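Please look over the sequence and the model shown here. The briefing that follows takes up a few of its parts, grouped by topic.

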Amino acid sequence: MPPITDDQVESVRALVAAIPPGRVSTYGDIAAAAGLPSARIVGWIMRTDSSDLPWHRVLRASGEPAPHLRTEQLERLRAEGVLAVDGRVPLRQYRHAF
C-alpha cells in the first residue's frame, strides 16, 4: 500500500463524519468520494483513526459489517433505525450519497 498522507486521512475522516444518522456508506463509496484508489486505504484509516467517528455507518460493499465488530455495529445501526436483513444492510434503502 502506498504511503497515506495526512490529507487523505482528513478527507476520509470528514466523509465518515458527514454520514448522517440512519444512513450508511461503504468503504468503496468513501474511497471514491475521497479520490483514493482503493477501499482498503479507507479500511486502514478507519482501523487506525476512527474511534471518535460514527464508524458503525461504514460497511462492506455487500452491506455486511466487519466480522469482528458485527454485533456492536448492527446494534448501533439498529438504534438509528437501520435494519439489517440476514446480517446485511440493504444499501438501496440506507446508502448515503456523497
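**A helix, a loop residue and a pocket**

A polar atom in the side chain of Ser50 lies 2.5 Å from the backbone oxygen of Met46. The model is predicted, and the distances given here are computed from it. Ser50 is placed in the loop between helix H3 and strand S2.

**Ser50**

- Is Ser50 buried or exposed? Ser50 counts as buried because its relative accessibility is 9%, and the cut-off for buried is under 20%.
- If neighbours within four places in sequence are set aside, the contacts of Ser50 are Arg13, Ile45 and Trp55.

**Helix H3**

- Helix H3 covers residues 39-48.
- Its buried residues are Ile41, Val42, Gly43, Ile45 and Met46.
- In an α-helix there are 3.6 residues a turn, so residues three or four places apart point the same way.
- Helix H1 (6-17), helix H2 (27-34) and strand S2 (58-59) are what the buried residues of H3 pack against.
- The N-terminal end of H3 is capped by Ser38, which has a side-chain oxygen 3.0 Å from the backbone nitrogen of Arg40.

**The largest pocket**

- The volume of the largest pocket is about 390 Å³.
- Its lining consists of 18 residues, and Tyr27, Met46, Arg47, His68 and Leu69 lie nearest the centre.
- H3 supplies the largest share of this lining, with 6 residues.
- By type, the lining has 8 nonpolar, 6 polar and 4 charged residues.
- Met46 belongs to both topics: Met46 is buried in H3, and Met46 is among the residues nearest the centre of the largest pocket.

Notes:
Residues are numbered from 1 along each chain as its sequence is written. This is a predicted model: local features need pLDDT of at least 70, side-chain atom pairs count only at pLDDT 80 or more; totals for chains, interfaces and linings use all residues. Side-chain values use heavy atoms; hydrogens and water are left out. Buried means under 20% relative accessible area, exposed over 50%, partly exposed in between (1.4 Å probe, protein chains only). Helices (H or I, at least four residues) and strands (E, at least two) are DSSP runs, numbered from the N terminus. Contact means heavy atoms within 4.5 Å. A polar contact is a pair of N or O atoms within 3.5 Å; within protein, one must be able to donate a hydrogen and the other to accept it, and residues adjacent in sequence count only if both atoms are side-chain atoms. On a 1 Å grid over the protein atoms alone, a cavity is a set of points where a 1.4 Å probe fits but cannot get out, and a pocket is an open set with protein on both sides within 12 Å along at least five of seven lines; lining residues have an atom within 4 Å of a point. Grid points are joined across faces, edges and corners, and a volume is the space filled by probe spheres set on the points. Ala, Val, Leu, Ile, Met, Phe, Trp, Tyr, Cys and Pro count as nonpolar, Asp, Glu, Lys and Arg as charged, and the others, Gly among them, as polar.
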